[in-house]
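Good morning, and thank you for coming. Please look at the sequence and structure that I am about to show.

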There are 2 protein chains.
Amino acid sequence: MGPRWKGRASEAKALADPMSKIISDLHSSLVQSEAHAVLAGYSALLAVEAEQTELLNRACFGRPIVTAEKDKQWYQLGMEEGFYLCHSLKCLKIVGEDNSTKNDDELWQYMKAKKETFPLLYKAYSHLRKKNWVVRSGSQYGVDFVAYRHHPSLVHSEYAVLVLAEGEDGENGRLRVWSDIHCTVRLCGGVAKTLLILTINKNGQGTATPSCLEQYAVEERTISRWSPEQCREDPATVANGIK
Amino acid sequence: MGPRWKGRASEAKALADPMSKIISDLHSSLVQSEAHAVLAGYSALLAVEAEQTELLNRACFGRPIVTAEKDKQWYQLGMEEGFYLCHSLKCLKIVGEDNSTKNDDELWQYMKAKKETFPLLYKAYSHLRKKNWVVRSGSQYGVDFVAYRHHPSLVHSEYAVLVLAEGEDGENGRLRVWSDIHCTVRLCGGVAKTLLILTINKNGQGTATPSCLEQYAVEERTISRWSPEQCREDPATVANGIK
């Protein structure tokens, strides 16, 4: 299943405006303005002015929040988004509720304490973002993330992403029983996404500091329903996907 | 969500031809012909003549199998279907591969050995069948069963059924993590079914003999997405389901 562009001009638009360039512009702008976000529960709040509003929207980080302030737009960054801008892109500082800037280690501890699975989810999130995928929450589809080839206004999300831990899935993991696999694959088919399983192998590393992340390996697998028609002999039929 | 009838006349047709009556006719016919099915792996094979072919089709038991035999139609009954006709309706004998009739206890052991979850699944299956629901496999949707108000040719399946064990779900159960719940509820919404969770409480009984089944209790719960619109003040809006 390829990308499903929204409308005719979208693919050309996306090609002319690569996500890597948008992220790079956002990076420069945030660095220049010495942007600071404030931790608030499961998110980090960031106030920006018009130019950065546009860049955050184009790069698909956070969600705008409606406030009474006229000259500033507030953005609510998810935990992975905030940590990515701070730790991976190094273009954002995050301060705690006591107004002191948190270093990467402190932030990592905060995120882990809020969400036990943060190290795994963050590895998956950053893995995809580094490849210039736009990554958003997948909770609407009962998966961890959805991944877009470009901005969601131009293209439908292509992958529904589940993040699993290699060898330590425990009793709370997904896809441990056939019915869950069937359910997830059926849902993905119904909404025209491919199920992408990212299995994180910690390679014996724990989760003590963010430097562990460098040792984690990511294995990518897609799961799709096997369709007997795809095995017919005529290669043209297969290529065209005709049933 | 109410029943979605297929076409206009279907509801009247169903009302004029209640499932309880069809099952009762099937029962009489199978008793009269002293019907025997043969165990074959995960199913029981039953050969019937024209009249019973029609009754099995109308009652939705088993699947017809294509064979070279002209005067007999073979049916493949699932494990729950076979045991229901044998143990609950007492209108079918089931013989083993050695051609000796299996009593209920022997059959129960056979089923349990083939599928560890058989006692739970059977309790759920029989619970719904006794209320005259038509119950079929839910594997297409990643659930245990789907339930129809009447024959699938007249109505779409109304419930997607998951069977859980009270208090002993273990590591292989469904719906243990939010993402699985989201995924399942989203899929059910997408295919216009209501998610029905049947939780079986064994009440301290084991699974030694089929007589345990009488002590098992079944708790019914439906899960649906909460839609904020349903809480608006105007009761007419709520009743009409207008968003």
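**A serine and its surroundings**

The side chains of A:S157 and A:K193 are joined by a polar contact of 2.8 Å; a polar contact is a pair of N or O atoms within 3.5 Å, where within protein one must be able to donate a hydrogen and the other to accept it, and residues adjacent in sequence count only if both atoms are side-chain atoms. This is a predicted model, in which local features need pLDDT of at least 70 and side-chain atom pairs count only at pLDDT 80 or more, while totals for chains, interfaces and linings use all residues. Side-chain values use heavy atoms, with hydrogens and water left out; residues are numbered from 1 along each chain as its sequence is written, and chains are lettered from A and ligands numbered from 1 in the order in which they are written.

Is A:S157 buried or exposed? A:S157 counts as buried, because its relative accessibility is 5%; buried means under 20% relative accessible area, exposed over 50% and partly exposed in between, with a 1.4 Å probe and protein chains only. Leaving aside neighbours within four places in sequence, A:S157 is in contact (heavy atoms within 4.5 Å) with residues including A:V146, A:Y148 and A:A192.

A:K193 also lies over the face of A:Y141, at 4.9 Å from the ring centre. A charge sits over a ring if NZ of Lys or CZ of Arg is within 6 Å of the ring centre and within 35 degrees of the ring normal. In chain B, B:K114 lies over the face of B:Y42, at 5.2 Å from the ring centre.

Finally, B:W108 is buried, with a relative accessible area of 0%, and B:F118 likewise counts as buried at 0% relative accessibility.
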